[in-house]
Amino acid sequence: MRAWLALVARDLAAARRNAGDMLAAVAFFLLACGLFPFGVGPDPVVLARIASGVVWVAALLAALLPLDRLVGADYEDGTLDQLLISGLHPAAIAAAKAAVHWLATAAPLLLATPFAALMLALPLRAIPILLAALALGTAVLSLLGIAGAALTLGARRGGVLLPLLVLPLTIPVLIFGAAAVEAASVGFPVAPHLAMLAALLAAAAPLAPLAAGLALRSAAE
Amino acid sequence: MAAVLEARDLAGERAGRLVFEGVSFCLGPGEALVLIGVNGAGKTSLLRVLAGLGRIAGGVLSWQGEPVAQDPLAHAARVALLGHADALKPQLTVFETLRHEARIRGGSAGEAMAATGLESLAESPVRILSAGQRRRVALARLALGARPLWLLDEPTVALDSAGVATLARLVSAHRTRGGLVVASSHLDLPIEGAQTLRLAA
């Protein structure tokens, strides 16, 4: 556990020094959300109607941006070999990478989310639910994303392959995530949707690192 | 002397192609093995197999009589590897790098820096180091965690004569403690009394 935390701390320290990547994801997220009012017109009724879906899709796409470098850089510079002989289980290494991705990419996106929601005239009372749903949903994406990144290691055009592999798997997250926000804006109960997101997270938390761990091992061979 | 690391008829492949086969050797505590062979003879592939990173395509590799394949995770925790790539993050300083590594593997970052003459570079980011200095940081990592099996892939590359002397000192201290060394090189390595193994292309 100590070694695992040390690995997370190391990668977070490295990510903090590369803060540009983190800011790029946040800027992409805000820009993508900001483009919609130009595309569909400034009518607040229309914007509020599409706000939750737009924020969700933009957040998922933005969170994908730094994903391939997170594992790819380790693969190229030999760090992955060193990690695999560190004595940590490969699944634990993958779980650490997912945790780092969530903390370094998804958490800043969550901070920017209220601004994006306001730009799109989302009802204020829906914003806390949006944040809760996004926190759960981006955690699922981090886990699936690390598995995808590990699978595409060493593949030419891995950067293009990764979204093609991961985005279809995020459809359930998107459905329940957007539905939670929809329910909150019209005053319906949100608990069932959040519970479904939590269930997706509970399924991905053990399975994705196991798959990613196997993929990391076979990439090193 | 009891064999600690034993390879019997070991074969390894890379990208589905057999790169070496019929490799047998036996190392006891404090012993060293130097791999020689032309480019492409499979020295790096053999070292990766010994590290548990490459797949064993045939034969048996055993540690204290137990086949390594039975418990790959336990074997991984015995190995320290100095590969072609230095595996350093350019944005971290030398001290940060070694402190994090020490937390992951055990050992002391300060002692590792002292043993490799890196104290004056402690606060320098790895990004600005020369190739030889980066190699020294990789050497310092080798000394962390008291791993019993050191695998060195062309360890003298980019090192100056003082760096080679540091390497010699680290290796001999490691062997005095009963550690094992397997190293590959084209040049003479500063490792005394080592067995040699020639890999055919």
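The questions and answers below walk through a predicted model with chains A and B.

User: In what order do the 4 strands of the antiparallel open sheet of chain B stand?
Analyst: This sheet is open, and its pairing is antiparallel. Its edge strands are β2 (17-27) and β5 (66-67) of chain B, each of which pairs on one side only. The order is β2-β1-β4-β5.

User: How many bridges join β1(B) to β2(B)?
Analyst: The two strands run antiparallel. The number of bridges joining β1(B) to β2(B) is 7.

User: Which helix of chain B packs on that sheet, touching β1, β2 and β4?
Analyst: The strand β4 spans residues 56-63. The direction of the helix makes about 120 degrees with that of β1(B). The helix covers residues 43-51 and is α1 of chain B.

User: Is B:D9 buried or exposed?
Analyst: B:D9 lies in strand β1 (residues 5-14) of chain B. Its phi is near 55 degrees, a positive value in a residue other than glycine. Most residues other than glycine have a negative phi. B:D9 has 11 C-beta neighbours inside 10 Å, and 12 or fewer counts as exposed, so B:D9 is exposed.

User: Where is B:A158 found?
Analyst: B:A158 is not a glycine, yet its phi is positive, at about 75 degrees. It has 16 other C-beta atoms within 10 Å, so it is partly exposed. Its place is the loop between β7 (149-153) and α6 (161-176) of chain B.

User: Which are the edge strands of the parallel sheet of 5 strands in chain B?
Analyst: This open sheet has the order β6-β7-β8-β3-β9. Its twist averages 15 degrees from one strand to the next. Each edge strand pairs on one side only; they are β6 and β9 (195-198) of chain B.

User: What is the bridge partner of B:L82 in β7(B)?
Analyst: The strands β6(B) and β7(B) run parallel. They are joined by 4 bridges. The partner of B:L82 in β7(B) is B:L152.

User: Why do α3(B) and α5(B) count as roughly parallel?
Analyst: Helix α3 (residues 94-105) of chain B and helix α5 (residues 131-143) of chain B have axes that come within 10 Å. The crossing is right-handed. Angles under 35 degrees count as roughly parallel, so α3(B) and α5(B) are given that name. Their crossing angle is roughly 25 degrees.

User: Which residues of α5(B) make the contact with α3(B)?
Analyst: From α3(B) come B:V94, B:T97, B:L98 and B:E101. By class, the contact has 4 nonpolar, 1 polar and 2 charged residues. The residues from α5(B) are B:V137, B:A140 and B:R141.

User: What is the angle between α5(B) and α6(B)?
Analyst: The two axes are 11 Å apart. The angle makes α5(B) roughly parallel to α6(B), because the cut-off for that is under 35 degrees. Residues of the contact include B:L139 and B:L142 of α5(B), and B:L167 and B:L170 of α6(B). The contact has 5 nonpolar, 3 polar and 2 charged residues, and the angle is about 10 degrees.

User: Which element gives the most to the side of chain B that touches chain A?
Analyst: The contact takes 22 residues from chain B and 22 residues from chain A. On the side of chain B, the elements that give two or more residues are α2 (72-76), β6 (79-82) and α3 of chain B. By class, that side has 11 nonpolar, 5 polar and 6 charged residues. The element that gives the most, with 5 residues, is α3(B).

User: Is the crossing of α4(A) and α8(A) left-handed or right-handed?
Analyst: The contact is made by A:L67, A:D68 and A:G72 of α4(A) with A:G158, A:G159 and A:L162 of α8(A). By class, it has 2 nonpolar, 3 polar and 1 charged residues. The crossing is right-handed.

Notes: Residues are numbered from 1 along each chain as its sequence is written. Chains are lettered from A and ligands numbered from 1 in the order in which they are written. This is a predicted model: local features need pLDDT of at least 70, side-chain atom pairs count only at pLDDT 80 or more; totals for chains, interfaces and linings use all residues. A crossing is left-handed if the near helix is turned anticlockwise from the far one by less than a right angle, and right-handed if clockwise. Two residues are in contact if their C-beta atoms, placed from the backbone, lie within 7 Å. Ala, Val, Leu, Ile, Met, Phe, Trp, Tyr, Cys and Pro count as nonpolar, Asp, Glu, Lys and Arg as charged, and the others, Gly among them, as polar. A residue is buried if 20 or more other C-beta atoms lie within 10 Å of its own, exposed if 12 or fewer, and partly exposed in between; C-beta atoms are placed from the backbone. Axes are lines fitted to C-alpha atoms, for helices over the stretch in contact, and angles run from 0 to 180 degrees between N-to-C directions. Angles under 35 degrees count as roughly parallel, over 145 as roughly antiparallel, 65 to 115 as roughly perpendicular and the rest as oblique. Two strands pair if DSSP finds at least two bridges between them.
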